[in-house]
Amino acid sequence: IELESLILQVRETDTSSLSEMKVPLVDGTVRYYEITLNPLHDESDNIIGIGGSARNITKRKENYRALKDSEKMFRYLVKDLNVGVILYGPYEEVVMCNPKAVDLLGISEEQLKSNSFFDQDWNSIREDGSNILPSDLPVQLAFANGHSIHDVVIGIYPQPTSEVNWLLVNAEVILKEDRSIRNVICSYIDITQMKKAENDLRDNDQRLKYHFENSPLAVVEWDKDLIVTQWSLEAEHIFGWNKEETLGKRIDTLNLIYEEDIPFVYHSLERLTSGEKDTFISTNRNVTKSGKLLDCTWYNSILLDHNGQTSSVMALIQDITLRKKAENALKQLNEALEDHVAERTAELLKSNEAFKAAEEKYHTVSDFAFNWEYWIDPVDRMIHCSPSCEQITGYRPTDFEQNSQLIFDIIHPDD
């Protein structure tokens with residue numbers, strides 16, 4: 001009936017007809033045909049019949065239906081993804097996009113579907129801060145070159161005054177059988193927080209490196225196998241070996257330790273690598289590259305792994321050679337001073353004993369002398385008076401010793 005109606009229409013309108021027809025088969029399957037009908041004319045241009053052809057388009061219809069179902073499923077899958085997704089057609093037209101893409105790009109869906117959108121200044125930058133031309137955006141490059149573009153980091157400013165949003169962009173090219181582009185799927189992942197963490201980590205690393213290289217103490221790090229992994233400039237200044245000569249080598253093969261101190265140092269290394277302690281301070285003698293002998297204090301910090309075993313050791317090393325020399329010189333000076341004080345003390349004791357003997361001898365002589373003998377100290381205080389004073393003055397020795405003015409009071413006024 002449908003075919004008869006189409007033939008009648010062509011006859012009445014004298015125009016060709018192109019239509020599709022669904023034809024159910026006996027086995028219950030369905031086929032689709034593309035029906036073409038054309039009017040046939042005689043020499044007088046009168047319609048003398050209808051010519052027609054039928055082309056089986058069942059496969060094409062199935063492919064189209066599968067494509068629509070696939071598109072529907074694609075829309076359903078990407079709708080709530082936390083990744084921005086844009087599906088482009090073969091002519092760079094936006095077929096669909098999910099809400100996250102609109103949110104990340106800071107534009108409306110209408111703007112996104114505008115063919116002129118990417119021709120404008122999109123405020124996009126590279127990681128080094130340089131501007132990206134619209135033609136250099138991943139999706140444009142994918143269409144221009146015909147191959148996928150992966151892992152491109154771009155920064156965009158959704159608003160002129162807003163902070164940059166960093167996106168990881170992939171443009172996946174889907175080709176037809178003839179190698180022409182069928183679609184490009186572009187994905188956008190927000191990596192702003194990751195970039196911020198990377199920048200913070202880089203800043204922290206730069207600060208740590210600055211302090212590491214400018215520390216007044218030498219900084220040396222080695223792993224659980226005693227392999228040197230860090231060697232600061234101050235370590236080079238103190239010991240003479242540079243980084244190229246130390247990194248990657250076992251610290252116990254650098255001949256840093258004075259021979260007599262090796263047993264003590266090896267015992268310390270065993271304690272450090274055993275995980276027994278997380279800090280350890282030791283002082284020993286070290287030998288420089290030139291053979292110079294140094295006294296150094298090692299302040300060791302031990303990093304343990306999740307099993308409680310040593311993962312790495314970092315040592316801050318102080319050259320205390322001058323301090324040790326000063327301490328030894330001071331010790332020798334103190335010892336010499338103590339010897340000198342002992343000698344002087346002995347001399348004073350000897351002098352005091354001689355003075356005491358002389359004083360006792362004088363007292364004995366003055367006690368039996370007929371003359372009046374007395375001693376007066378620098379402040380005119382009588383500190384000794386012989387007994388003969390009582391026969392001469394009538395005053396006892398204690399009177400003069402208790403009253404220093406008495407010796408002046410007994411002098412006659414005329415004298």
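Strand 10 and strand 14 (residues 310-319) run antiparallel and are joined by 6 bridges, where strands are DSSP runs of E with at least two residues and helices are DSSP runs of H or I with at least four residues, both numbered from the N terminus, and where two strands are taken to pair if DSSP finds at least two bridges between them. The structure is a predicted model, in which local features need pLDDT of at least 70 and side-chain atom pairs count only at pLDDT 80 or more, whereas totals for chains, interfaces and linings use all residues. Residues are numbered from 1 along each chain as its sequence is written, and side-chain values use heavy atoms, with hydrogens and water left out.

Strand 10 comprises residues 218-223 and is mostly covered, 5 of its 6 residues being buried; here buried means under 20% relative accessible area, exposed means over 50%, and partly exposed lies in between, with a 1.4 Å probe and protein chains only. Strand 10 also pairs in the antiparallel sense with strand 11 (residues 228-231), over 3 bridges. Val 220 stands opposite Ala 315 in strand 14 and also opposite Trp 231 in strand 11. Strand 10 and strand 11 form a hairpin with 4 residues between them, and Leu 226, found in the loop between these two strands, has a positive phi of about 70° although it is not a glycine. Leu 226 counts as buried, because its relative accessibility is 9%.

A positive phi of about 70° is likewise found at Asp 45, which is not a glycine and is located in the loop between strand 2 (30-41) and strand 3 (47-56). Asp 45 has a relative accessible area of 52% and is therefore exposed.

A further element is an open sheet of 6 strands, which has the order 5-4-9-8-7-6 and antiparallel pairing. Strand 5 (94-97) and strand 6 (124-125) stand at its edges, and because each has a single partner strand, one side of each is left without a neighbour in the sheet. Strand 6 pairs with strand 7 (residues 149-156) in the antiparallel sense over 2 bridges, and Ile 125 stands opposite Gly 155 in strand 7. Helix 5 (residues 138-145) lies across strand 4 (84-88), strand 7, strand 8 (165-175) and strand 9 (181-190), and runs at about 155° to strand 9; for such angles, axes are lines fitted to C-alpha atoms, for helices over the stretch in contact, and the angles run from 0 to 180 degrees between N-to-C directions, contact meaning heavy atoms within 4.5 Å.

The structure holds 18 salt bridges, a salt bridge being a side-chain nitrogen of Lys or Arg within 4 Å of a carboxyl oxygen of Asp or Glu. One of them is formed by Arg 60 and Glu 34, whose closest N and O atoms are 3.6 Å apart. Arg 60 lies in helix 2 (residues 58-79) and Glu 34 in strand 2, so the pair ties together parts that are 26 residues apart in sequence. Arg 60 counts as partly exposed at 40% relative accessibility, whereas Glu 34 is buried, with a relative accessible area of 16%.

The side chains of Lys 243 and Glu 213 also meet in a salt bridge, with an N to O distance of 2.8 Å. This pair links distant parts of the chain, 30 residues apart, with Lys 243 in helix 8 (residues 243-246) and Glu 213 in helix 6 (residues 192-214). Lys 243 counts as partly exposed at 28% relative accessibility, and Glu 213 counts as buried at 17%.

In the salt bridge between Arg 344 and Glu 347, the closest N and O atoms are 2.5 Å apart. These residues are separated by about one helical turn, because Arg 344 and Glu 347 are 3 residues apart in helix 10 (residues 321-367). Arg 344 counts as partly exposed at 40% relative accessibility, as does Glu 347 at 41%. Elsewhere, salt bridges that share partners join Glu 20, Glu 34, Arg 55, Arg 60 and Lys 61 into one network.

On the surface, Tyr 395, Phe 408, Ile 410 and Ile 411 form a nonpolar patch with about 350 Å² of accessible area together. Patches are made of residues with over 30% relative accessible area and no salt bridge, like charges being joined within 9 Å and nonpolar side chains (Val, Leu, Ile, Met, Phe, Trp, Tyr) within 5 Å; accessible areas come from the Shrake-Rupley method with a 1.4 Å probe, and for residues only the protein chains shown count as cover. Ile 411 lies in the segment after helix 13 (406-409) and counts as partly exposed at 46% relative accessibility.
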